[in-house]
Amino acid sequence: MRRLLIGYDIGSSSVKATLLNADSGKVVTSEGLPKVEMAISAPQKDWAEQDPEMWWKYIIETTKAIVKNGNIQKGELKAIGISYQMHGLVCVDKNHEVIRPSIIWCDSRAVEIGNKAFKDLGENYCLPHLLNSPGNFTASKLKWVKENEPDKYAKIHKIMLPGDYIAMKLTGEILTSETGLSEGIFWDFKSNGLSTKLLDYYGIDKSMVAEVVPSFSVQGSVNDEAAKILGIDSGIPITYRAGDQPNNAFSLNVLEDGELATTAGTSGTVYGVSTQAVFDQKSRVNTFVHVNHSKENPHYGVLLCVNGTGILNSWLKRLIGGENISYPEMNHLAAEVPIGSDGLKFIPFGNGVERIMENKAVDAHLSGLNLLKHDKRHVLRAGQEGIVSALTYGFQIMKDMGLNLKTVKAGNANMFLSPLFREAFVNMNKVTLELYDTDGAQGAARGAGIGAGIYSNAKEAFAGLEKMASFEPDASLVSAYKEVYQSWLKALSSVQ
């Protein structure tokens, strides 16, 4: 009988389920839905909301697909792991019913609430204790609900992150993790517990916060109701949960001090592991608990995030050709113009406030447009170079924090499928890029294997992880991309 693991990845664009053979370490089958991007509601400017029931709907559909395509037999499923979009706020009542749509990661409504908290509590408290400004994170979003929707706030029994909500739908239990609380800025790193000072300042009753479990642990089991809906056995344990960026790093076996992971999906990130509780004085780069953190053996994840990454590329696709042009065709067109896009520069910000811009809404800008010279090819290349430039801007902040950025791991997906994007990334940042055949759902499945005790350590869990390619900086291109970045910085300064 096979030993099978399910990994779920609940993103803001799609939900993916992967079935992993625990013994071979290979993927059996996977399914991602919807085939077009999930809807994000924006009732007001800079707001972003999703219905948690939509995530559950796609969990049901993707699970049924992998059960069928993987020909799962009774008793083969051993554990489930969950990865999820970070920083989202889910509020439920005593009946576990959702009270309002989830305020998700790219929603900007709570910026001023977090800024005021940072000023009132003081950076001498916030930075050593929270490692961040309260900023636009989950705790500040909950304060916004308290101030602006008191009737709904009064109904709240528990607050959760998106992955906690899916675990609740599977098990009927409301739990969370240290990694989750730290990403919501509910965690005090000095006391290694809830930040009661921040909760008291916001007037939030700590009873709203769920019980804490380790990322790798038995966190309840699939109940009869969920089993019947999904078409799987009841009693399967949930043994891993983590936000998407810690989990993406984990999926690349990035667990130790100095190791780095990057993604370029809807948003673009670089995530570095440190054993020191480092922080940026301006909270442009944020520090959270990593999945393998413990009080005795601390591990922190330092996260650089650029909201306007793949979302810019998908916007350009819709603008230029929609269904009539593919991403590979866009990459081919972009490669037809020289490095620097003949002076055209794209500031990619335009998906909510940007942390590396100190929570300002810089918006997206096209700079240096010459109507007699530039065409869609230049716009496409400038878009990719602009995204890499924004990531480079964040890279410099991470270097100033003391992180050693030499080798970066990524999944062979999203914008890293573009040769032009890879070229710009390695040469502008002068790093080695390693691509692996993995993704968040696969990482969640491996995490479930560790949490269930099927794997005794990460070495066993990642035995089936395959490196697909490695890319080194090209000395003949480094100076050209340095010029691109310097020119981009000047364009950025003109719009700030």
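Which backbone oxygen lies 2.4 Å from a polar atom of the side chain of N136? The oxygen in question belongs to D107.

This report describes a predicted model, in which local features need pLDDT of at least 70, side-chain atom pairs count only at pLDDT 80 or more, and totals for chains, interfaces and linings use all residues. Residues are numbered from 1 along each chain as its sequence is written, and side-chain values use heavy atoms, with hydrogens and water left out.

N136 sits in the loop between α3 (123-130) and α4 (138-148); helices (H or I, at least four residues) and strands (E, at least two) are DSSP runs, numbered from the N terminus. The residue is buried, with a relative accessible area of 8%, where buried means under 20% (1.4 Å probe, protein chains only).

| Backbone atom | Distance to a polar atom of the N136 side chain |
|---|---|
| Oxygen of D107 | 2.4 Å |
| Nitrogen of V111 | 3.5 Å |

Neighbours within four places in sequence aside, N136 is in contact with W105, D107, S108, R109, A110, V111, K141, V353 and N359, contact meaning heavy atoms within 4.5 Å.

**The sheet**

An open sheet of 5 strands has the order β3-β2-β1-β5-β13, with mixed pairing. Two strands pair if DSSP finds at least two bridges between them. At the edges are β3 (26-33) and β13 (238-243), each of which pairs on one side only. Strands β5 (residues 77-84) and β13 run parallel and are joined by 5 bridges. Within this region, I82 stands opposite R241 in β13.

Helix α6 (residues 162-171) lies across β1 (4-10), β5 and β13, and runs at about 150° to β5. Helix α15 (residues 440-451) packs on the sheet and touches β1, β2 (15-21), β3, β5 and β13, its direction making about 130° with that of β1. Axes are lines fitted to C-alpha atoms, for helices over the stretch in contact, and angles run from 0 to 180 degrees between N-to-C directions.

**Packing of α12 and α13**

Helix α12 (residues 327-334) packs against helix α13 (residues 376-400) at an angle of about 100°, and their axes are 8 Å apart. That angle makes α12 roughly perpendicular to α13, a term that covers 65 to 115 degrees. On the α12 side the contact is made by M330, N331, L333 and A334, and on the α13 side by K376, R377, L380, R381 and Q384.

Conventions: Angles under 35 degrees count as roughly parallel, over 145 as roughly antiparallel, 65 to 115 as roughly perpendicular and the rest as oblique. Buried means under 20% relative accessible area, exposed over 50%, partly exposed in between (1.4 Å probe, protein chains only). A polar contact is a pair of N or O atoms within 3.5 Å; within protein, one must be able to donate a hydrogen and the other to accept it, and residues adjacent in sequence count only if both atoms are side-chain atoms.
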